[in-house]
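Hello! Here are a few friendly notes to read alongside the model.

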Amino acid sequence: MLAATGSFLLGVTLPINLRATGPVEPMQPQVLAVSGPQEPKPIANVNRFQGAIAHRVEFSQQTIGQLEATRFQSALPSQFKGTMLRQATLDPKHKAIALTFDDGPWPKTTTQILDILKKNNIKATFFWVGRYLQTYPELGKQVAAAGHAIGNHTWSHQYIKYNEDGAAREIDRTSSLIEEVTGVKTSMFRPPGGILNNGLTAYAQKNNYAVIMWSADSFDWRTATQSLIENVMSQANSGGIVLMHDGGGNRARTVQALPDIIARLRKEGYKFVTVPELLQMQEQDMKKQETAQK
Ligand SMILES: [Zn+2]
């Protein structure tokens, strides 16, 4: 509800907010709707109007500030749009890794993973399946509100070939719903099953999405808890992107493994970032190198 109200406010109250950057005009029609019935004392009434305006302006700015923050969480440096990558290339002095969760939102396990991430003060990246977001929009709102980054993982998660219209339906519909539910306009796409040649990735790249693959596959959908931990640890590297799942089936093993994975990576000195943050780090490192070479 919050995010739906948010998108509504962004559309409707943004002009009010922009006007409010100057001195507040006391008699805007929008404000009349907020104030109560007329009262006999005119001076008190003016004060009430001003109070209501101040409150309304503060509310709009807060809401828009939150929306901007949520959008920013999933914003990518423009140089990566239309590209495909399995990990970031970072200066060796950085040790950063991105945890990613696919196939949600999903009842129970998405909430459990959110709780673990919150306890550990970690922001991650979630790639959503549109039809699950349609079924569980409240879970989606919780993920976005917690500050995690959001990517597109198609509408129906099928391993079939698509023509351009079919790919457009899978990808556009999902991105529209993500924006409608959370206010996030995502430019990250991850193909189901990592399939790169069935028409989806081509469409995504043509439409300026960055195709985000992974460098460390937990195989959490098919392995026991202990071996999925080992899978992540043996493939972890700086700039790496770890693939796990919070939805699409029973993810109890992922929930069980996650605290250990976090503890062990942390012990090895890793900092946890979202995919957009990882790419921002790469961009900054590249700029520093360019400056140093000059
Ligand atoms: Zn998937």
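**Notes on the zinc site and the fold**

1. Let me begin with Asp-103, which counts as buried because its relative accessibility is 7% (buried means under 20% relative accessible area, exposed over 50%, partly exposed in between, with a 1.4 Å probe and protein chains only). This is a predicted model, in which local features need pLDDT of at least 70 and side-chain atom pairs count only at pLDDT 80 or more, while totals for chains, interfaces and linings use all residues. Residues are numbered from 1 along each chain as its sequence is written, and side-chain values use heavy atoms, with hydrogens and water left out.

2. Asp-103 (OD) coordinates the zinc ion together with His-153 (NE2) and His-157 (NE2), at 2.1 Å. Donors here are N, O and S atoms within 2.8 Å of the metal (3.2 Å for Na, K and Ca); water is not among the atoms, so sites may look incomplete. Along the chain, the zinc donors are spaced as D-x49-H-x3-H. Distant parts of the chain are linked in this way: Asp-103 lies in strand β2 (residues 96-104) and His-157 in the loop between β4 (149-152) and α7 (164-182), 54 residues apart.

3. For the overall fold, the protein chain has 11 helices and 9 strands (DSSP runs numbered from the N terminus: H or I of at least four residues for helices, E of at least two for strands). Of its 294 residues, 49% are buried.

4. Helix α9 (residues 225-235) has Thr-225, Leu-228, Ile-229, Asn-231, Val-232 and Met-233 buried. Their cover includes β7 (216-217), β8 (240-245) and α10 (252-267).

Conventions. Contact means heavy atoms within 4.5 Å.
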